Every structure is written in structure tokens, then in C-alpha cells.
Amino acid sequence: MKNIIAVITVFLSVLGLQAQELESPDGDLKMKFSLKEDGTPSYQLFYKGEEVIKPSTLGLELKDDKKSLLDSFEIENTKTSTFDETWKPVWGEQSEIRNHYNELAVTLNQPSENRKMIIRFRLFNDGLGFRYEFPEQENLVYFVIKEEHTQFAMTGDHTAYWIPGDYDTQEYDYTKSKLTEIRDNFDGAVTSNASQTQFSKTGVQTALMMKTKDGLYINLHEAALKDYSLMSLNLDDENLIFESWLTPDAQGNKGYIQAPAVSPWRTIMVSDDARDILASNITLNLNEPNKIEDTSWIKPIKYIGVWWEMITGKSTWSYTDELPSVKLGETDFSKVKPNGTHAANTKHVKEYIDFASENGFDAVLVEGWNEGWEDWFGKSKDYVFDFVTPYPDFDVEELQQYAKSKGVEMMMHHETSGSVRNYERHLDTAYQFMKKYGYNSVKSGYVGDIIPRGETHYGQWMVNHYLYAVKKAADYHIMVNAHEAVRPTGLRRTWPNLIGNESARGTEYQAFGGSKPNHVTILPFTRLIGGPMDYTPGIFEMDISKLNPDNNSHLNATIANQLALYVTMYSPLQMAADLPENYKRFPDAFQFIKDVAVDWDKSLYLEAEPGDYITVARKAKGTGNWFVGNVNGNESRTSKIKLDFLKDGKKYEAIIYADAKDADYKTNPQAYKITKRTVTNRTTLKMTSAPGGGYAISIFEKK
């Protein structure tokens, strides 16, 4: 860290302290802050001289308070600074990250109430972050937020890639439309889910990706979401102004604050190159540094699991079909008839362990191992799981010893069924059980409506729970992969044992009727802006009826596309999600999944256009090997990829996994071709991707 220069504050008002400017380190971005005549804070953002955010107001409306934090402010003082550091993540898309910004902190005073609020702006080369800060003071200590009124005023009717605003789920396909078309498209964008609560016909979720008619890319999100409600966006579609919309609790309140406190950062990424959005580290840089002193136990994982066969309906989580209800500690499963479809049994899990060991995978996930799955969903049942009692056909100790003998770890599964109060009661016991039997990572789930009843997945109470579970797991040296949790906002920098999240529409929906073929060309611009996703790729059999005759779903991707996801959908936690027998049918394609890395020294975004295509190259950590992935949208496309990122003077062997000429995600998804060739940093590859297709390339240094 070093201070290089002081940011020059430009006073635009004859009053001296009523308006200021802040520039990014490279000068491309400029932010203007001012107070309106009634003392309302306002900001404006420009990129290369072009207005990106029109004058937009800031502030918070308080409950049961005669004067909110909206207007009647005076500027008490401003402070500017420059910050420049390079830090090393425990794991990530690159081994080093530069954190370089110019900062403006504006201290506002509300004389009528004698209250202070600080608005802190950080301007990076690729975007703006700002937050509200509530310093310690006598007249603003405990308060309840009725609504945060942060505006993002758009300059035009931009094209947006959006999902419906919802308090409980983000598991939607993306809709592409103009901002003014969101209202008309909203109902069609809402598809059924286990738990969902929309709030407005123009409400959308972040990260929100947009493109202007002039080719500017704009992304709205938040960073460092802690002890605060998740922010969605509500659009005034007449004036094209987005305003923050916080998630309420069971009483309708949107946040309980005890000063000193800060809000999450609100982020605006801007570039005329879509690749810059994918490469941005703003979200991470706005989070606090790592709080875990010894991180030796935190390691990226490539795993397989007893999961897809249940998702498709081939097998079941439940042990028996005889019981209409289960009471833990009372129901005797040794006296009921097994249904014969329960996948989490000792013999079957050993087969997965063998496959993992034979193919170099780190771990095996098993779902449905514990008692309670017979009536786990939709009953608003509090005591639904205890997280330590296995079904009669699952021998925890025997499987631990067997996995250990094969050099494979077991990955725990904790489904809460939304009964969070029950999970917190059992959390220490559950983590102790994991450590006793050698489980170093857990996949947690929050399917269904939340208990305490009336709370939602994204309110302040649940946001605090998710982080509580991660912190508690760190005490036990356990890594967490939370599904159905709040979407990530970069907290993995602070708590790197948060190794994965779902929090979006993942591969499982391909077995629930399918996802749009271009879905994976949008997710990196939206959901992955906040952090990695446990997308569970690698499906080779797209006709789901071949696993379950009663399920006519079709996975809308080619095999080459599925391989590319291991590069384009960044995660330190990568699953080979299909059944072992399907990988055995295509051993040559499966080789890429075995070879691809899960931790990286460098990541380069070669091509990108949301909804159409993404091509990424990543250098495996500690090696000279590279992996390239391309995912393609709805139309066939040919691209030319320069390998100038390779080391000069070195020769490499490239193994290219590409769509065959007649490949198509719907009609011929399993058509692929594999070629090998020698390449150097002067090589250019001409590659054609099918609709819903792509390609994957392994590039190994020649000895």
C-alpha cells in the first residue's frame, strides 16, 4: 500500500463545499457529488466524458422518526485520498489482485436533528462503489430502516439482462429486454419455485447487466452485504430511474441498525468493453481482507456426487415410501420397508468413491444420507433434520474408512428445508460430527419457506445467519458451499472458507424442463459478479428420459459446451455432475474434466458479449498449463483466438474439444471432435461453436 497523490477536489459552487468531483486513477471515470437546494445528497457518473448515471439522489427513510436521513443536510467536511495495493487471495481467478482507487468521504450534518452521516465513494478504473456510514453519535444510535432510497438514474432505454425481483429466489432464466419492456415481460419471466415472493412488476435483481445503444456496458450490484437486507432494484419505467428496494422482515421492516455501522457498498461497473466487466475485481476489493489466519485447510475441490440421479428422478433421497410422516428420534426406520430407490446407500456410495479415486477427484458428495427426507418439504416443519443420524443403509464409519483408503474425502450435505432456527440449534453438533468422520466441506441447502415463519431468504435476519454459519464453520476448519442462500457479494475475500454458492438457476433446472441455451453466457455477467457459483456442470447425457422415463426434460447444451463451463463459470469448487456410467461412455471427452484445474494464477477474457458468447483463458496455479473455454448462445458462431498469452519461445500441446460440424444443443448435442496440435504464442485458432455449444482447450507445456 502506498499513497501516491492526493485526489484533487474541485469545488463547483460559490459556497465552496456544496459540490465535488472525483476521478478514477486513469481519468476515464468521473463522479460528481452535490447537495440539492433542500439538502438532498446527489451524485452523477461519467465515463470518458459521457454521462452514465444522471443526477441521482441518496438517503434513507427511517421508521417512526420525525426526520429521515433524506434531506436537510449540510456538508460538514470532505476528505480525499488515494489507495493502491496488491493482495493475494487464498484461491481465485488470479494469484494477485490490484486494489487501486481514489476516495471521497463526505461527512453530512443534519442540523435540525444534530445527526451525522458519511457517504464514502471509491472510484476505480472500472467503476464506482459507495456506501452509507453512521458514525458513533448521541442522536443516531438505534434506528429502523423503512426504505433505502438510493437512485440509479439511467440515461436511456438500455437493453437489460434481468431476472424478477424476489425476496426468496434467484433461480430464474434471464430475460433480455429494454428497460421499458420489463413490466410487460415480468409475468412471463416468473417461473415456479419452492419459495418465491415478488414485490413489483418492474422489480429486478442484482447484479443487473445493461448495454446502452452506444455500446457502453453498465452493471449494478452491491458488495460486502453484512447485517443488512439484500438490495433489489425497482424501476420507475417512466423516468428510467432504478431505486434500491431492500428485503423486509416478517414485520415489514427493512433493517435494524445500531451505530456505529455501515451499509453494503453499492457498485456501478462501466466499460465500453464487455470483457472488463468480467475481469473486474471491484466486488472483492470493497470487502475486508481475510480474517482467517491459518488458511492451509482451505483448498479448491473437484468432486463428484450422488445427486444428479435424484435430481432427474432416477433415484430418491428418501429411504422408504411407507411413512406419511417422520418424527426424528421416534420413527424406527429399521422396521420399515426400504423403497429400493434410495441412492445414499453404502454399496452405491462405494461405487462413487471408487470412480473418484480412479479418476483423480478430491471428494464425493452424498445427499439423502440422513433421516427425515420422507416429509422434508412443504410442511413448515421445524424439527425436520438433526444432521447426524443416518438411514440404516448408510454406514458413516465404514464409508469414512473406505474413502480414506482410496485417498478421497467425503463431502457433507446439510439440507435445512428452510428451518433455519432448527439448523442453528444443531450447528455445533453437526460440525463436530463432520470433523469426527473426516468431512472437511459441507453443501448446505435452504429449500422452501423460511422458519422463523414470515422471514424470507434475503432479509437481514437470514443474511446474518448465512455469515454466522460460515464463521462457525471456520472455527471447525470446514468449507461451506451454500445453496439457495443470498447471492454472494465478495465476502469470500474476508471468509475464504465460503468456497461456493449456488444462489442462481443452476444445472438442476435442466432436469426440471430445461434452461435457455444462452443462460451460461449471461450468468458470468450477473450472478458471478459477486462470487463463484457451484453450477454443477459436466452433463453428457442430455436426454433425461434415459435416466428417468417419466422425465422428458432435455439439457440444452452440447458436450463441448459442458466442458467449457469448467473454465467460463469460475469456481474453486467444481463438480462432475453426471453419473459415472455416462462418463464411461465418453472417456475421451471426460479427460478434459479430469485435466482441468480449479485454482488459477491468471485469467484472461478473450471475447465476451452477454447473451451471445464468452471465451476465457486461465493459467493453472503453479504450472505453465493453460485452459480455454468458450460457451456460445443461440446462433452458430466462428471466432479466432490468438494464443499470444503463451510464453514466448515455448511449444505446447493443445488438445481441442470442439463441437462437430453437425452439433446442435437440441438435435445433436453429443457430437464433438477432439484434435491435438502443437501451438505457440504465435498460433491463432479458428473455432466454430454450435448453437448452445462451445469448445474447451487444454494447453500443456511440452517438456
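**Figure 1. Leu240 in the loop between strands E17 and E18.** In this predicted model, Leu240 occupies the loop that links strand E17 (231-236) to strand E18 (241-246). The phi angle of Leu240 is near 60°, a positive value in a residue other than glycine. With a relative accessible area of 14%, Leu240 is buried, since buried means under 20% relative accessible area.

**Figure 2. Ser503 in the loop between strand E27 and helix H9.** The loop shown runs between strand E27 (498-501) and H9, and Ser503 is located in it. Phi of Ser503 is near 55°, which is a positive value in a residue other than glycine. The relative accessible area of Ser503 is 2%, and the residue is therefore classed as buried.

**Figure 3. The cis peptide bond from Ala259 to Pro260.** The bond joining Ala259 to Pro260 is cis, and its omega is near 0°. Pro260 is placed in the loop between strand E19 (256-258) and strand E20 (261-262).

**Figure 4. The cis peptide bond from Ile451 to Pro452.** Here the peptide bond from Ile451 to Pro452 adopts the cis form, with omega near 20°. The loop that holds Pro452 lies between strand E25 (441-445) and helix H8 (460-475).

Figure 5. Leu278 belongs to helix H2 (residues 274-279). Its relative accessibility is 10%, so Leu278 counts as buried. Leu278 and Phe525 are separated by 247 residues in sequence, yet their C-alpha atoms are 6.2 Å apart in space. Apart from neighbours within four places in sequence, the residues in contact with Leu278 are Pro524, Phe525, Tyr605, Ala608 and Ile614.

**Figure 6. Packing of helix H5 against helix H6.** Two packed helices are described by the angle between their axes and the distance between the axes. For helix H5 (residues 346-359) and helix H6 (residues 396-405), the axes come within 10 Å and cross at roughly 15°. H5 and H6 are therefore roughly parallel to each other, because angles under 35 degrees count as roughly parallel. The crossing of this pair, H5 and H6, is right-handed. On the H5 side, the contact is formed by Thr346, Val349, Lys350, Ile353 and Asp354; on the H6 side, Glu398, Leu399, Tyr402 and Ala403 take part. Sorted by class, the contact of H5 with H6 contains five nonpolar, one polar and three charged residues. An α-helix has 3.6 residues a turn, so residues three or four places apart point the same way.

**Figure 7. Packing of helix H7 against helix H8.** Helix H7 (residues 420-436) packs on H8 at an angle of about 5°, and the two axes are 11 Å apart. This angle makes H7 roughly parallel to H8. By class, nine nonpolar, one polar and three charged residues make up the contact of H7 with H8.

**Figure 8. Helix H9 and its packing against helix H11.** All ten residues of helix H9 (residues 559-568) are buried, so this helix is largely enclosed by the rest of the structure. The buried residues are Ile559, Ala560, Asn561, Gln562, Leu563, Ala564, Leu565, Tyr566, Val567 and Thr568. H9 packs with helix H11 (residues 587-595) at an angle of about 10°, the axes being 9 Å apart. The two helices, H9 and H11, are therefore roughly parallel to each other. Ile559, Leu563, Tyr566 and Val567 of H9 make the contact with Ala589, Phe592 and Ile593 of H11. The residues of the contact of H9 with H11 comprise seven nonpolar, no polar and no charged.

**Figure 9. The whole protein as context for the close-up views.** The protein has eleven helices and 36 strands. Its radius of gyration is 26 Å, close to the 27 Å that the globule rule gives for 703 residues, so the protein is as compact as a globular protein of that length. Taken along the principal axes, the box filled by the C-alpha atoms is roughly 80 × 65 × 50 Å. Of the 703 residues, 64% are buried. Among contacts between residues at least 6 apart in sequence, 71% join residues at least 24 apart.

Key: Residues are numbered from 1 along each chain as its sequence is written. This is a predicted model: local features need pLDDT of at least 70, side-chain atom pairs count only at pLDDT 80 or more; totals for chains, interfaces and linings use all residues. Side-chain values use heavy atoms; hydrogens and water are left out. Axes are lines fitted to C-alpha atoms, for helices over the stretch in contact, and angles run from 0 to 180 degrees between N-to-C directions. Helices (H or I, at least four residues) and strands (E, at least two) are DSSP runs, numbered from the N terminus. Angles under 35 degrees count as roughly parallel, over 145 as roughly antiparallel, 65 to 115 as roughly perpendicular and the rest as oblique. A crossing is left-handed if the near helix is turned anticlockwise from the far one by less than a right angle, and right-handed if clockwise. Contact means heavy atoms within 4.5 Å. Ala, Val, Leu, Ile, Met, Phe, Trp, Tyr, Cys and Pro count as nonpolar, Asp, Glu, Lys and Arg as charged, and the others, Gly among them, as polar. The radius of gyration is taken over C-alpha atoms; the globule rule is 2.2 Å times the number of residues to the power 0.38. Buried means under 20% relative accessible area, exposed over 50%, partly exposed in between (1.4 Å probe, protein chains only).
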